[in-house]
Amino acid sequence: MTATERVDLAVADLHPALGDPALTSMNFLNEVSERYPAAVSLAAGRPYEEFFDLAAVHRHLDTFHRHLVDDLGHRPEQARRLLLQYGRTKGIVHHLIARNLAVDEGITVDGEDIVVTVGCQEAMFLVLRALRAGPTDVLLAVAPTYVGLTGAARLVDLPVWPVAGGPSGIDLADLAAQVRRARAAGLRPRACYLMPDFANPSGVSIDTAHRRRLLELAGQEELLLLEDNPYGLFPVDDGPRPPTLKALDTARRVVYLGSFAKTVLPGARVGYVVADQRVAGPDGRVGPFADQLAMIKSMVTVNTSPIAQAVIGGRLLEHGCSLVAANTRERSAYTRNLRHLVAGLARRFPPGADGAAAVRWTVPAGGFFVVVTVPFPVDDALLDRSARDHGVLWTPMAHFYDDTAPVHALRLSVSAVTPEQIDVGLDRLAALITDERARRAG
Ligand SMILES: Cc1ncc(COP(=O)(O)O)c(C=O)c1O
């Protein structure tokens with residue numbers, strides 16, 4: 001826009017979230033990568049594209065259609081209507097999602113407690129919209145926090161209070177302290193949002209004993225937990241995965257947020273929420289929280305595209321409803337990349353003569369993300385210089401904190417690159433870090 005262009009609406013008259021860093025973050029990062037298309041991107045948390053297969057999408061659709069007719073007994077015209085007409089607000093693949101959760105996670109859930117959503121992003125929005133009843137409500141969230149959650153909270157005017165993450169994934173003493181601090185200030189903490197498995201952006205996971213302690217504390221404090229789990233199926237090591245909070249939840253304390261973006265296709269835009277908490281409606285009838293969320297959904301997206309749901313449903317059916325089984329290739333690619341990145345960092349940033357390292361990084365047990373700590377603040381201007389002068393993109397960790405304090409760290413993602421691109425990206429990152437240290441020293 002030019003300086004002389006006529007302005008018809010003042011942003012100050014629009015919702016205050018517009019212009020908030022939480023909402024502009026994703027666009028800013030996309031813009032940088034569009035401006036420097038030749039740069040190697042260690043920024044995007046997108047899944048690996050080499051496995052995308054258009055023919056498989058057609059097959060999944062057919063598989064789900066056959067399931068409707070052969071397994072569920074729909075007449076052909078009924079099945080066609082189910083796929084092509086407006087449909088059930090809570091979705092049409094809920095029974096397959098329930099089966100998937102039983103097969104892969106040991107979670108027993110009634111399909112009626114599930115709402116199929118337009119990505120996990122809509123699920124987060126619906127839950128936050130429902131929980132924010134008034135101006136004294138606040139949301140707790142483990143920091144650093146996924147910016148999509150912070151942005152959704154802004155849209156429903158729900159303040160987000162950070163809870164320290166730390167090496168255990170959530171500092172329970174801090175969680176208890178924040179709950180008490182909020183209540184002492186006359187506020188109502190409605191829930192705590194967290195990612196127990198390979199969190200975005202920290203990469204940290206919570207061990208089973210700590211998960212149990214968290215559930216116990218949530219019970220004592222009468223706090224809901226919002227468990228977001230897009231990366232849990234990508235551990236580096238074989239062997240049993242820790243149970244999800246939802247699998248351990250015997251008191252309906254956990255609202256479980258799911259995404260098929262990383263395990264099937266992001267382009268389908270399908271996610272879901274398991275909300276089995278009992279709610280008494282205005283007529284006194286008791287039903288699942290999922291029904292309240294569906295009421296909101298009916299006024300936001302009406303229903304999730306049944307065609308997109310069918311693609312997800314077909315993929316599930318073709319693998320016995322196991323996304324672990326469906327993702328063996330993907331998991332080994334991410335594991336290979338994560339190991340390659342960590343080894344590459346160790347080669348490029350050896351400890352100094354005193355044994356201390358100026359550059360440090362996390363070694364996650366799975367997922368997509370590694371956090372690199374450097375001896376200078378990392379901001380958007382540095383990212384721009386990195387893209388322009390060195391041809392490498394990453395994400396400033398400052399984007400995941402809800403304040404303006406300087407952050408000396410950046411997030412690298414291994415999901416959308418090859419080992420060769422990781423090598424090039426790390427060489428370029430090393431050159432940037434050398435330059436930046438020299439610039440600051442001189
Ligand atoms: C932690 C987390 N939650 C939710 C999402 C959004 O998922 P979806 O694409 O299903 O909306 C993402 C996407 O990157 C994510 O990293």
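## Cavities, a pocket and a domain interface

The residues lining the largest cavity divide into 8 nonpolar, 6 polar and 2 charged, where Ala, Val, Leu, Ile, Met, Phe, Trp, Tyr, Cys and Pro count as nonpolar, Asp, Glu, Lys and Arg as charged, and the others, Gly among them, as polar. The model is predicted, so that local features need pLDDT of at least 70 and side-chain atom pairs count only at pLDDT 80 or more, while totals for chains, interfaces and linings use all residues. Residues are numbered from 1 along each chain as its sequence is written, and side-chain values use heavy atoms, with hydrogens and water left out.

A cavity here is a set of points, on a 1 Å grid over the protein atoms alone, where a 1.4 Å probe fits but cannot get out; a pocket is an open set with protein on both sides within 12 Å along at least five of seven lines, and lining residues have an atom within 4 Å of a point. Grid points are joined across faces, edges and corners, and a volume is the space filled by probe spheres set on the points. By this rule there are 3 cavities of 30 Å³ or more. In the largest cavity, E105, N229, L233, Y256 and Y272 lie nearest the centre, and α4 (94-105) and β7 (254-259) each supply at least two lining residues; helices (H or I, at least four residues) and strands (E, at least two) are DSSP runs, numbered from the N terminus.

| Space | Volume | Lining residues | Element giving the most |
|---|---|---|---|
| Largest cavity | about 160 Å³ | 16 residues | α4, 4 residues |
| Second largest pocket | about 460 Å³ | 25 residues | α1, 5 residues |

The second largest pocket has P21, A398, H399, Y401 and D403 closest to its centre, and its lining comprises 13 nonpolar, 6 polar and 6 charged residues. Because domain 1 (11-50 + 328-441) and domain 2 (58-326) both give residues to this lining, the second largest pocket lies between them; the domain bounds come from an automatic or database domain assignment.

The centres of the two domains, taken over C-alpha atoms, are 27 Å apart, and 30 residues of domain 1 are in contact (heavy atoms within 4.5 Å) with 32 residues of domain 2. About 2,600 Å² is buried between domain 1 and domain 2, with carbon and sulfur atoms giving 60%; buried area is the accessible area (1.4 Å probe) that two parts lose on being put together, summed over both. Across this interface the rule finds 4 salt bridges (a side-chain nitrogen of Lys or Arg within 4 Å of a carboxyl oxygen of Asp or Glu).
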